[in-house]
Amino acid sequence: MKLRTIAIVLLALLACSTALAQDRLRMSTTTSTENSGLLKVLLPPFEKQCSCHVDVISVGTGKALKLGETGDVDVVLVHARKLEDKFVADGYGVNRRDVMYNDFVIIGPASDPAHVKGAKTSAEAFKRIADSKSTFISRGDESGTHQKEKEIWAEAGLTPQGNWYRSAGQGMGEVISMATEQRAYTLSDRGTYNAFRHGKTDLAVVFEGERGLFNPYSVIAVNPKKFPHVKYDLAMKFVDFITGPEGQRIIANYKVEGDPIFFVNK
Amino acid sequence: MGSFTQSVGTAFSLIFSADREVYAAVWTSVSTAAWSTVIASLFGLPIGMAIGLSDFPLKRLAVILLNSLMAMPTVVLGLLIFGLLSRQGVLGGLGLLFTPKAIIVGQSLLATPIIANYALSAVRGADARILPTALTLGASPMQSFTQLTNEIRFGMMAAVIAGYGRVISEVGVAMMLGGNILWYTRTMTTAIALETSKGEFAFGLALGIVLMLISFSINVGLSSMQEEHQP
């Protein structure tokens, strides 16, 4: 008797879970936009306006674009210009638009054992880390940040290898935590670092401000000619929103503990 | 790392403040696990009993295969199903990837061999004379089978509990096939992974405590049903 009651209650609950179908826009994006908390303030006004749901899948930029290439998402919000250009050139994406930017910073122990602080360029900074064999944690996950890191190593004319160079294969947050524990250097986007700066890490910015460390984010709709099932109209509504006055205002006003995380072009 | 007591405190305030995000994740966890356990039982129990009761040439191989499948790593299973459900995959047209249904597909496949194995052991452990005795006493094959099922229901329930325990606690399938989408496919385990990635260790642990409380109480409920029906 009791068994049957429980079974009935369970089935009734399960029936409710198949909730009413609402229009869903599927977006893949980088861990930095989600982990910084920006999407929590940026998406609700749009969802209200379009009376739809935005399903966010937050992964590294490489994987975010891959999900666009397989037609598993409708729109991507990423930061790796070279990969984006290829994505559009190969016909997977259309209407790439600039959304916002921040910059990359090299962070490490405040004592700065590799003397990175005196470096003139990011390439020189990386060279000092390599020369002193100070521990460096790489994202190692083909994310936008990892792409930038590889560019800097190439500029420095180095192929990092050895015990001091550790490829974590994880998101920005995990890597900052790991670098904090191991007193290591790493490359981070400023947004995620700022979100960690207050109580979650004692690592300091040891190099910043170079033009090459500029980190622009773009939004790209997945090409409906390639994948007829994607929600192109909804995706374009989102592109218009995030690059329009309201979206841009929300991004510009978003702060974590008083620090702005992303900047807009105007 | 925040102190453990702080996490315990946060865990209870999350439960009692009816935090909507936490409740949504709990709901996704429990409902996908429940569906998966039901589906896996529908397949696993008959498969296990069939292998246990019948004799066929490749029986040893079937048992070995079932045992090996129990050790299936969740990420491998997740990856295989990802390939099938992606728009580029064979079943891509169904549009299941990154929905709760995809999690249910993955978790059902994960739990089926476990449930089948437990059912197999239950049948093997039962008195081999049950079926012949019932038949000799004039019961129809169906009645004899019912009698056997009745005798081993403790083991059957154990099978279901084991399957449920596997799916409620796993993270690989839920992360890969669900995509950790807020309000939709975010489960307790993927939420914990996310909080860890944000460096919110204390909050992640608090979620872990909530998950443990919930899955333990469901297990206690299932186990008490098992005890009650013990002959």
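Among contacts in chain B between residues at least 6 apart in sequence, what percentage join residues at least 24 apart? The answer is 77%, where a contact means that the C-beta atoms of two residues, placed from the backbone, lie within 7 Å.

## Before you look

What you see is a predicted model, where local features need pLDDT of at least 70, side-chain atom pairs count only at pLDDT 80 or more, and totals for chains, interfaces and linings use all residues. Residues are numbered from 1 along each chain as its sequence is written, while chains are lettered from A and ligands numbered from 1 in the order in which they are written.

## Chain B: helices

Let's start with chain B. It has eleven helices and zero strands; helices (H or I, at least four residues) and strands (E, at least two) are DSSP runs, numbered from the N terminus. Its C-alpha atoms fill a box of roughly 65 × 45 × 25 Å along the principal axes.

Chain B has 231 residues, and 41% of them count as buried. Buried means that 20 or more other C-beta atoms lie within 10 Å of the residue's own, with C-beta atoms placed from the backbone (exposed is 12 or fewer, partly exposed is in between).

## Two helices that cross

Now find α2(B), residues 20–53. The axes of α2(B) and α5(B) come within 5 Å and cross at roughly 35°; axes are lines fitted to C-alpha atoms, for helices over the stretch in contact, and angles run from 0 to 180 degrees between N-to-C directions.

The residues of this contact divide into 20 nonpolar, twelve polar and one charged. Here Ala, Val, Leu, Ile, Met, Phe, Trp, Tyr, Cys and Pro count as nonpolar, Asp, Glu, Lys and Arg as charged, and the others, Gly among them, as polar.

## The nonpolar core

The largest nonpolar core has 95 residues. Such a core is a set of buried Ala, Val, Leu, Ile, Met, Phe, Trp, Tyr and Cys residues joined through C-beta atoms within 7 Å. Helix α5 (residues 100–125) of chain B gives the largest share, 15 residues.

Among the residues with the most contacts inside this core are A:Val75 and B:Leu207. Leaving aside residues up to four places away in sequence, B:Leu207 touches B:Val22, B:Met188, B:Ala191, B:Ile192 and B:Glu195.

## Over to chain A

In chain A, look for strand β9 (residues 214–222), where seven of the nine residues are buried.
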